[in-house]
Amino acid sequence: MMQTRKLSLIALFSALSVILMVFISVPLIPTVPFLKIDLSFIPIFMGMMLLDLKSGYLILLIRSLLKLLLNNAGVNDYIGLPMNILGFMILMTVLYYCLTKNKWRPWIQKGMSIVLGSVALTVMMVLMNYFYAIPLYAQFANFNIGQVFGIFNYLLLAVVPFNLLEGVILISLSLLILPFVRRLINLI
């Protein structure tokens with residue numbers, strides 16, 4: 001692929017990802033409305049699958065930097081964005097391996113990518129919440145999750161189901177949209 005075309009697609013997917021992150025986010029679990037899903041992963045996934053894994057990482061980093069520069073939410077972004085970046089990097093790595101490096105049948109590839117990607121994302125986010133987010137929110141945002149929910153309850157009843165749902169939704173939507181985007185990009 002020509003370098004100019006690749007850079008243009010990276011810029012396009014980065015811009016779409018920022019727009020989706022800033023304007024479309026909804027809570028999945030009513031009891032924890034601060035855990036919101038956004039659709040910014042879909043353009044990142046498209047870039048990863050249409051270009052390569054490094055391009056997907058670059059799109060994710062550009063999206064995150066633009067979010068900080070254009071729509072900074074303060075302490076929430078300073079704590080949440082690094083978690084989002086690491087979680088999505090793990091998810092992307094698992095998906096890329098499942099969808100491009102294995103010679104499974106297509107339906108097994110897609111099913112395994114949904115299951116393994118969602119589990120990898122969930123494990124990473126539980127660890128990140130326990131070791132990183134919960135202490136930082138208590139220190140810098142005066143929000144002690146341990147006192148409000150209980151750490152174990154929060155992780156088991158909020159973080160785990162949220163991230164499993166988020167993984168299944170984002171991966172499924174991405175896999176459904178990919179063939180249409182691939183055809184559209186090939187026309188250009």
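1. Start with the second largest pocket. Helices α1, α2 and α7 each supply at least two residues of its lining. The model is predicted. The space in this pocket comes to about 190 Å³. Its lining has 13 residues, and F13, L16, M46, I177 and V181 are the closest to its centre. By class, the lining divides into 13 nonpolar, no polar and no charged residues.

2. The largest pocket has another make-up. Its volume is about 850 Å³. The lining counts 32 residues, with F34, K36, N76, G80 and Y137 nearest the centre. At least two lining residues come from each of α1, β2, α4, α5 and α7. Helix α4 gives the most, eight residues. By class, the lining splits into 19 nonpolar, eight polar and five charged residues.

3. Now take helix α2 itself, residues 41-50. The helix is mostly covered, with 10 of its 10 residues buried. The buried set is F41, I42, P43, I44, F45, M46, G47, M48, M49 and L50. These residues pack against α1 (3-23), β2 (36-38), α3 (53-70), α4 (75-101) and α7 (151-187).

4. The largest nonpolar core has 47 residues. Those that touch the most other members are F41, F45, M46, M48, L95 and Y154. Two or more core residues come from each of α1, α2, α3, α4, α5 (106-140) and α7. Helix α7 gives the most, with 11 residues. As background, nonpolar side chains tend to be buried together in soluble globular proteins.

5. L95 deserves a look. Which residues does L95 touch, leaving aside those up to four places away in sequence? The partners are F41, F45, M48, S113 and I171. F41, F45 and M48 are also among the buried residues of α2, and they stand with L95 among the core residues that touch the most other members.

6. M46 links several of these points. This residue is buried in α2. M46 is among the core residues with the most contacts to other members. It is also one of the lining residues closest to the centre of the second largest pocket.

Conventions:
Residues numbered from 1 in each chain as written. Predicted model: local features only at pLDDT ≥ 70, side-chain atom pairs only at ≥ 80, totals over all residues. Heavy atoms only, no water. Buried < 20%, exposed > 50% of the residue type's maximum accessible area, 1.4 Å probe, protein only. Helix = DSSP H or I, 4+ residues; strand = E, 2+ residues; numbered from the N terminus. Contact = heavy atoms within 4.5 Å. Core = buried A, V, L, I, M, F, W, Y, C linked by side-chain atoms within 4.5 Å. 1 Å grid on protein atoms, 1.4 Å probe; cavity = no way out; pocket = protein on both sides within 12 Å on 5 of 7 lines; lining within 4 Å. Points joined across faces, edges and corners; volume = space filled by probe spheres on them. Nonpolar A, V, L, I, M, F, W, Y, C, P; charged D, E, K, R; others polar.
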